Amino acid sequence: EGAGDDWKALEAGLWAGEAVLVLGDGSAARNDLAGRLESAGALVRRCMSWDDLCQHAQEPDIWDCAALACPMSLAPDMLARLPETLPVLVFGAQARGLSGRVAMCPGPLDRPDLLEDLLDLKHKAALAALQASG
């Protein structure tokens, strides 16, 4: 009892200064992830579709990463629509042949250490994206 308040306090400001595109398979998944990121200080754009996310991602100087909370099949041709330097964090997707800029995120969206793990994965994916782009 009370442990939830402890991890929420630790999350505050954890994502400050980060701008994230969020896509979910429905408003609940999208809003749950977006809400957690916002409460941790991130600027969040809730995307309503893959096309919506791809359109906003074309402004690479604004967005630090894309977070996908959807059990979709993610293929390399889909990633080709996103800037090469945009890290992609994925929950519950089937992925094949994807680059190092894509990080698969384990566990449910409501686990206490999720945002800390996500930030670590985002940094690793960003480094891989920079290395791949030269």
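Two strands are taken to pair if DSSP finds at least two bridges between them, and helices (H or I, at least four residues) and strands (E, at least two) are DSSP runs numbered from the N terminus. The structure is a predicted model, in which local features need pLDDT of at least 70 and side-chain atom pairs count only at pLDDT 80 or more, whereas totals for chains, interfaces and linings use all residues. Residues are numbered from 1 along each chain as its sequence is written, and side-chain values use heavy atoms, with hydrogens and water left out.

The model contains an open sheet of 5 strands, paired in parallel and ordered S2-S1-S3-S5-S7. Strand S2 (43-47) and strand S7 (102-105) form the edges and have a single partner strand each, so one side of each lacks a neighbour in the sheet. From one strand to the next the twist averages 20°, where angles run from 0 to 180 degrees between N-to-C directions and axes are lines fitted to C-alpha atoms, for helices over the stretch in contact. Within the sheet, S1 (residues 19-24) and S3 (residues 65-69) are joined in the parallel sense by 5 bridges, and Gly24 has Ala69 in S3 as its bridge partner. Helix H3 (residues 50-57) packs on the sheet and touches S1, S2 and S3, contact meaning heavy atoms within 4.5 Å; the direction of H3 makes about 140° with that of S2.

A nonpolar core is a set of buried (under 20% relative accessible area, 1.4 Å probe, protein chains only) Ala, Val, Leu, Ile, Met, Phe, Trp, Tyr and Cys residues joined through side-chain atoms within 4.5 Å. The largest such core has 21 residues, and those touching the most other members are Trp15, Val20, Val22, Leu33, Leu37, Leu89 and Leu118.

How values were computed. Buried means under 20% relative accessible area, exposed over 50%, partly exposed in between (1.4 Å probe, protein chains only).
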